[in-house]
Amino acid sequence: MMAAEFEPVIGLEIHVELMTDTKLFCGCPATFGEEPNTQVCPVCLGLPGHRPLLNRKAAEYAIKAALALNCQIASHTTFDRKNYFYCDLPKGYQISQFFYPMGTEGYVDINIEGKDRRIGLRQIHIEEDTGKLLHAGSIVDANFSRVDFNRAGVPLIEIVTHPDIRSAEEAKLFLQKLRAILLYTGISDCKMEEGSMRCDANVSLRPVGSQELFNKTELKNMNSFRSVQKGIEYEIIRQGKIFRKGGEVIPETRHFDEGRGTTKAMRSKFAASDYRCFPDPNVPPLRVSEEWVKKIAETLPELPDARFHRFVKLGLPEYDAELLTSNKELADFLDIALTYYKNAKTLSNWLMGDFLRLLNAAALDASQSKVTPKKLAELLTLVDQGTISGKIAKDVFEEMFATGKDPKDVIAEKGLIQISDTGELEKMADEILAQNPGSVADYKGGKEKALGFLVGQIMKATRGKANPKVANEVLLRKLQEL
Amino acid sequence: MVFASLKIRELKKAYQTNSLTPQEVRKDYAHKAARLDEQYGLFITLLKGRESDREFIPAAAADNLCLEGDRTTCASSLLTGYNSPFSAYALEKAMAAGFGILGKTNLDEFGIGVGTGASPFKTTHNPWKAGYYAGSGAAAALAAGAVMTAFASDARGELRQSASYAGVVGMKPTYGRVSRRGLVDYASSLDQVGVITRCVEDAAFALSAISGHDLKDPTSLNKPVDFYPLPKASTPTKLACPREWRSAEGLEASVVKSFEETLRKLAKAGVEIQEVSVPALKQSSLVAMIIAAVEAFSNLANFDGIRFGERTPGEHLQDMYIKTRTAGFGQRVKEFLTLGALVSSGKHYQDYFLWAQKYRRVIKEQLETVLEETPFLIMPTLPFAPPALSRQEPGLEYRGDTYTSLANLAGLPAISLPAGIHEGLPIGLQLVGRPFEEGALLNAAANVETIISFPGFNPEGEEGK
């Protein structure tokens, strides 16, 4: 077993697109999916004589993210040029934050197999996105490529972890947690499939107990949590084989092949990468005042960890609390519903059961549901009051989910009000007893189970509307009177 | 009619009193510009010059300032057919103030240099003496009387040096005074747009026209523009002269003689000359060269033939880059970019580029200390008289930055004035002032101008007689 000899040392670099209206240094819209090269101007095309003008909203979002990830916020940050040539990079350099990043030394706590782990973040910085290459055919044998610069200049934050991650599973859990936190802050939609969240992984192995860092490879092109996990898993095995043969890992960039589940060395864009970073003379350093940070901090919502602990205090099992907090819309739904209905556990059961099932089937999130938290609370109150049974409530809920109607309306329309009227049930009990003399005899003969059968008959006759508790009482009394 | 001897103020007055019309002035100057261009090689592109109904102040702009509607070449083959979709903010302001742009003037490719020997289009001759450097088409256009003002850039002293070569006034304002948007600068932290005129008063007018905050250029600052009209200077000026000016490499006797004579004249007129020390002066041109080369390497990286400019096809992307940039850039630019790549490479970053950045701060501090005591510095503009075009001497242009790059490194305003004549060629002097105190500097310069009373030069001397 390899695990006994080597341990993986993994660090992640995550790029997250910020949901600002405009790009980082110009007024072009930052929206996704428009006609190629329709959202461009002299600035994001890097035309001669252009001047970049910092979008302060992007800086604000970066600060917000850094705060949510427990970072130190720099009071003085610079925007620096990272110089390299590539056709998706209009200016021949990317404006990033190299010398004084927006945030440093943060962390994200995760829980793996019941154990708490803290993953350190080295830094968070702002940078601009590149354009997108469209190849005529495959990347290898295309006769030509075209460049779409709509994405060039869209604001990103890059989050760089310390090499604290020790397994592919940890990497996945970290990413999921990171995504949940960022979604809470509202700075990005974090869609890995659409590229608004991208993850590269630096992977190396070292003998267990060693503090040394060995040659690492950088994995790219992992477009889902699953790919990240699979890519790292593969790389750990691949490097392990090299180690066991006494070989040395070549430090290189490797491309994850989604179809094969393997990684392969990528031809480097341009050999040695010497970025010659220096402060961009066209973009003055940004001062970040304490008041500004304070103001931004006030806009931060309750974050997943705090919410988890609050949910547990409300009496939810840790499993429920975890699952709910990882789904912001669902947790928001719960919080609103709690203002109308106090039993958190009952609510949680409904949300994690029927509600989530219906949402998934309809590919919706909780905020898009036609059922409002208030209506769900009303439904549950009706169950508690005995107006309908729990079983009927499930049918009512499905109807509410489909139509958005009030529970009372659904119940009235379908005549689903529970029959608790003893008079009506007594009449019905008389009929049932008369129709089933055998069961009556059985009961009298000591077979208590026969009572259950008789209650069932009442439920059947009322199509489930009879209040089973009342029906039970009525039947028992009648049988004793016989 | 003789316009060449008019000041801008006088021209404006002539319009007000209807003794001149913008139409006739535009027509006359357009004609003159074309004729003088043939004679001296002033312009890369001649323009008609838009006139407003009320005014037309004949002007030119260096071809590294973008002007929508025609080509902007920066004197580079790579941009032979490039039309900018926007105009430099400084030029927009100038046009709004009544300036009419009659042409885009010749310069060394991307403004890197002072001679126009590195322009692929033409060589500019000094109107004072054929076969000699004029520094730039912009300065030569002033000397020749083709325009009344030229707008150009100054990263290490190009504007002031060419004004000195051509015997005219050249002023570079404080960094941040004029918007740099639309200037195709090769060294963003050093480059400023400035003005070339025939007298200090015109410089004050032209500079105030283009100064002011540009919300779309974050390096431009919001400072009051209050230096035109110039208030009359009441007291004799006090000037600080760094003693290190004498130890400049390759300092020519003609300059020593001219400058010493100027100092004597000034002292005689009651100006107090105080000798001070700015030890960093010696290293300043080296520091500026390193920083400028690295910034140029990065600033000019967008010239890849992908989105604009002349593209040379290649086998693959990297091949296309190499071929496009090899064919598009001239030898001097290539050498400069190579220097920039070298001194910022992993191996040399620390010893050269970082050293230069640190030394820049030393220079700034030394200048601040001196200027705190005395508000102006006086130095020659160049260590040599205008060289012959045939003088091919390695390091000549670099030595030319000896006295000028200080002001760029520290972001200070500086002005070059014609001070003397040597063998029929002008020699300039330079004043450097405190940041954002252009008014005081222009006042001091006007004082010095009066005391020196440079004879001036009118190559069209016989015109109108």
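User: Which residues is Lys375(A) in contact with, leaving aside its neighbours within four places in sequence?

Analyst: Contact means heavy atoms within 4.5 Å. In this predicted model, Lys375(A) contacts Lys370(A), Met400(A), Gly404(A), Lys405(A), Asp406(A) and Pro407(A), once neighbours within four places in sequence are set aside. Lys375(A) sits in helix H10 (residues 373-384) of chain A. Helices here are DSSP runs (H or I, at least four residues), numbered from the N terminus.

User: Is Lys375(A) buried or exposed?

Analyst: Buried means under 20% relative accessible area, exposed over 50%, and partly exposed in between (1.4 Å probe, protein chains only). Lys375(A) has a relative accessible area of 18%, so Lys375(A) is buried.

User: And Lys12(B), buried or exposed?

Analyst: Lys12(B) is buried too, because its relative accessible area is 19%. Lys12(B) lies in helix H1 (residues 8-16) of chain B. Not counting residues up to four places away in sequence, Lys12(B) touches Glu55(B), Ile57(B), Ala97(B) and Phe205(B).

User: What ground rules apply to these values?

Analyst: Residues are numbered from 1 along each chain as its sequence is written, with chains lettered from A and ligands numbered from 1 in the order written. Local features need pLDDT of at least 70, side-chain atom pairs count only at pLDDT 80 or more, and totals for chains, interfaces and linings use all residues, while side-chain values use heavy atoms, without hydrogens and water.

User: How do I check the span of helix H10 of chain B?

Analyst: The expected span is 1.5 Å times one less than the number of residues. H10(B) (residues 331-343) has 13 residues, so H10(B) should span 18 Å, and its end C-alpha atoms are 18 Å apart, which agrees.

User: Which residues of H10(B) are buried?

Analyst: They are Val333(B), Phe336(B), Leu337(B), Gly340(B), Ala341(B) and Val343(B). The buried residues pack against helices H8 (281-299), H9 (317-328) and H11 (349-373) of chain B. An α-helix has 3.6 residues a turn, so residues three or four places apart point the same way.

User: How many residues of H3(A) are buried?

Analyst: In H3(A), 14 of the 18 residues are buried, so this helix is mostly covered. Gly186(A) follows H3(A), with a positive phi near 75°.

User: At what angle do H6(A) and H8(A) pack?

Analyst: Axes are lines fitted to C-alpha atoms, for helices over the stretch in contact, and angles run from 0 to 180 degrees between N-to-C directions. H6(A) (residues 304-313) and H8(A) (residues 328-338) pack at about 40°, with axes 12 Å apart.

Methods. Helices (H or I, at least four residues) and strands (E, at least two) are DSSP runs, numbered from the N terminus.
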